Amino acid sequence: MSSASHPRTSVIIPARNAGKTLAETLDSLLAQTDPDWEALIINDGSTDETADLIECYVQRDHRFVGLHGSGLGASGARNIGLASATGQRVLFLDSDDWIDHRFLMLMNSALDAAPGADLAYCGYARIMPDGHQQFVDADPLIAEAPFEKLSKHCAPAIHAVLLNRHALSRVGGFDTDLQTCEDWDLWQRIARLGGRWIPVEGLFSYYRASVDSLSCDVGQMLTDARIVIGRCFSGDARLSDTNDHYPFGASTADGWTADLVYYYFVVSCAAFEIGRGANGIGTLDVLRNFHLSEDYSKYIVETLFDGVMLGLRAIPAQLAARWSDFGSSITELIAELGRLWNDPVAARRVQYGFERLVLDYDDLAQPRHLYLTLGLRVDLRHPAPLSPPLGIDRLYVYLCDGRDVLALLDLGILGTITSRHWLDIAVAQLGFPTALAIAPLSLGLSSLTWQIILQGLRAAKHAPRELFRRSGWRRIRQAAAQRALSSTSAPSRPATSHREQLLHLQKQAEQSTDALGTYLYTPVDRAVRKPKQETYADRKAYWENVFQEPDPWNYGSPYEQEKYSRQLLLLPDRPIARAIEIACAEGRFTEILAPHVERLIATDISPTALDRARHRCRAQNNIDFRQLDLAIDPLPEDLDLIICSEVLYYLYSDVELKRVAEKFAAALRPGGHLLAAHAFELKEDTSRTGFDWGNPWGAKTIHRVFSEVSGLYLDRSICTDLYRIDRFSRLVDGAPSYDAMIESLPINAEIDVELDRQIVWGGAIARRADLAVTERHRQVPVLMYHRIADQGPLELAPYRVSLKMFQAQMRWLRRNGYHTIVSDELAWFLAYNHPFVGRPVMITFDDGYQDFADTAWPLLRRHDFRAEVFVVTDLVGGRADWDCRFGDPASLMAPDTIATLASQGARFGSHLASHCGADGLSTRDLAEELLRSRHCLSQWTGLQPCALAAPFGLTDQRLQRLAAECGYSIGFSTESAAASLSDDPMRLPRMEVRGDMELEEFVSVLEASQ
């Protein structure tokens, strides 16, 4: 001992009728490697041999001290012991529990090594009546935020904690008004005053789950817990205001409130009651006035599981085998919770989750028939057909090779799974070679079948080389083998099989959605791209092809008309006798130029364009139309004016450009003028606004080359953000040249979307075309938005990005060379493991809000981006009713809107049909929603959607496989990461763009994903 009167540790042990267990408790103290302790044993009104046992140990070792309690409960008894304790540290040890022989040594050492710490805590084991034990690890989060953690539940067992004595003196010991939860109350008070907790890793305490435990008094626990939780989330009058670090109680910023904590406590007690054979449903009566508004299912499942296990006094591995003891009652309890929530889908989600958790701990040596789930092993060497028992719609399967477990599967089931179907499942999960190496003989695959399969493999070997990049060969080989396998003779599928049931549901979905009608629109977008002339060897043929479509550049647009009017402003202010227009196209400018000159020669290389120009200008008799190739054909001489606009980009080289400039100068008479209007090309100057056409030069270079031609000088220009119009003069012999007058004008005309898509405003940090050559990536950011809106319910602000911020984000993406891909393109890269070219991004929107059409899509198009919207097909044209508890729900796009946007390049995928969480739908309902949603989208857009994003990100293996069987090839979750070539195509992560995300954070996320 540290001294004769002051031991290092005081152990306080209340005992009432503990004759059967007390000896083991006291013996664990005698076995301690740290002998510096005293044990104060309080006989709290025992009527059995407890008093004699205490006296025996007092006589045996002077460190044991016997005391008498009031008989009013453990709290009072512990306080009696605490009043007599002399140790520096205190351990509260119940008379039916015990500690490891190293407990005092290790826990004291932990406190010695952490000056200023108040408590050390370790892991403990629950010991069941049959001797099995369950280890409960020490929660490290208690040490990080003790009061916030302990406000939610009582984490450590009371005898897994060693306290410094001063921590107890500050809070005043146990509350004797509490018959249960007294330790939770004590831990909260110590933590509330800033007490510091130290975790000690390992199992050093043992808790006996006995029938006689006080904790079996569920009614008392509910009463006491209500008091403890209420104090925790408010002021506590028992504590000094000057020392209370939480004068207003625990924070509710994370959504946890006193009501919510009590809710979970009640659910735990109800499950405990069921575990010990009582009816737990009555326990839920106190919850009828509570509203549970958050994503609670996972925590509810864990709470139910732990409560049932404690009530049964069983370890997790025993629960599946004992389903008959509690399964029907827990199912009724979950259904009652669903009625309280008014949400049967949520109840089924909890039921599925609970059954899955039960089976997670079972080895499935025997099939386990729960309520909705059947757990079993399937040996691929002998895969027997499986007809599910009545009510079962989900399988929890160990896929095995003999005794060896190869994979764990979570499958939805609609009917019988045949032997061949088991092989298909194994191929999808394990790969073709592995699965077929195990199962061929058991499936009756003959040598002929093998020959067909091998022929399929050999045929795949001769597919185009580009299909075999990296692991592309593996995928092609597997697909070929599967086709060969399906072509072999096999028993016909029974009408009750899973696949036949799925086909039946597909027909039903098609019939029901066909009745809704179609909204298909013909694409209306104009391809206003500047064409690449080098794609044709014959220049004339090339331009003839351009003019196969009338008005290929939308010459009648306000933007082009404003540019024409500004060219007229630069016409010489004296009479123009002879003028020539180079590349007159279809005569739009010719028509307005002709009245300003006496004779006009209008030329173009394309006969088709000239024919249209003649027709347009047929009322004017001063125009001579001629076919002319400006690069090689001679020009008339002694011209007063040459007009040459929007064509010099297409010359083959800068040498040819210079030669044409000199030819123009030679064709002008002295004093004549050359008028040229051309746009700024981004490629020649990325520091300023320009068109990203990819031409080798634009207005900047053309201006420079013409300025360097002998005999020409610039006398006037009009410059805008997008183009410049230059008027050059042919020098008169002996006349001086003058400084040019340069005028800057804004662009006042509206710029149509298709033209705007080709502009990078403010210049580019990187060009898409350059990045396509220099960059390859193995992952791609997939951005997830919900709404682009400035107004809405405050609670939904995280799911709403303002228009201003969205504009900034899209502008940053465009300036930094990003281009968009959509789901079918992403699926291709994943299928062939092909690195992503350039700098791609996928932009997705969930739910299909109307503001996507009104706000987001126009802005996306102007930045030359596409997007994919995941639509709730049953609710199109309605409102987002799932948000109604937050206020007036936002409107959703109607089918005709979806069809129109699809015609403009937007893509649409499935967000299921009803916006219910997929993990709460029955397998049949889930299959129906997958099929109905897909067929609706194909009716509205004319495309077969390949992508699925489950509502709330609730995706699992059952959904992924069922979606693949319904025709989807790619699926998204809400896991936050970039999508990688190595990811499962049916469970791809996305990066949520929140309403509070500043541009700097957005940029950081994008840059980190490359």
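Helix 20 (residues 558-569) lies across strand 17 (639-644), strand 18, strand 20 and strand 21 (723-730) of this predicted model, and runs at about 25° to strand 21. Helices (H or I, at least four residues) and strands (E, at least two) are DSSP runs that are numbered from the N terminus, while angles, from 0 to 180 degrees, are taken between N-to-C directions of axes, which are lines fitted to C-alpha atoms, for helices over the stretch in contact. Contact means heavy atoms within 4.5 Å. Helix 22 (residues 607-616) also packs on the sheet, where it touches strand 15 (599-604) and strand 16, and its direction makes about 170° with that of strand 16. Residues are numbered from 1 along each chain as its sequence is written. Because the model is predicted, local features need pLDDT of at least 70 and side-chain atom pairs count only at pLDDT 80 or more, whereas totals for chains, interfaces and linings use all residues, and side-chain values use heavy atoms, with hydrogens and water left out.

The eight strands of an open sheet follow the order 16-15-14-17-18-21-20-22, and their pairing is mixed; two strands pair if DSSP finds at least two bridges between them. Strand 16 (623-627) and strand 22 (741-744) stand at the edges with a single partner strand each, so one side of each is left without a neighbour in the sheet. On average, neighbouring strands of this sheet are turned by 15° against each other, direction ignored. Strand 20 (residues 712-719) and strand 22 run parallel and are joined by four bridges, and Ile718 stands opposite Glu743 in strand 22.

The loop between strand 18 (668-679) and strand 19 (690-691) holds Leu682, a residue that is buried (under 20% relative accessible area, with exposed over 50% and partly exposed in between, for a 1.4 Å probe and protein chains only), its own relative accessible area being 1%. Leaving aside neighbours within four places in sequence, Leu682 is in contact with several residues, including Arg688, Phe691 and Val760.

Strand 10 and strand 11 (residues 373-379) run antiparallel and are joined by two bridges, with Arg368 opposite Gly375 in strand 11.
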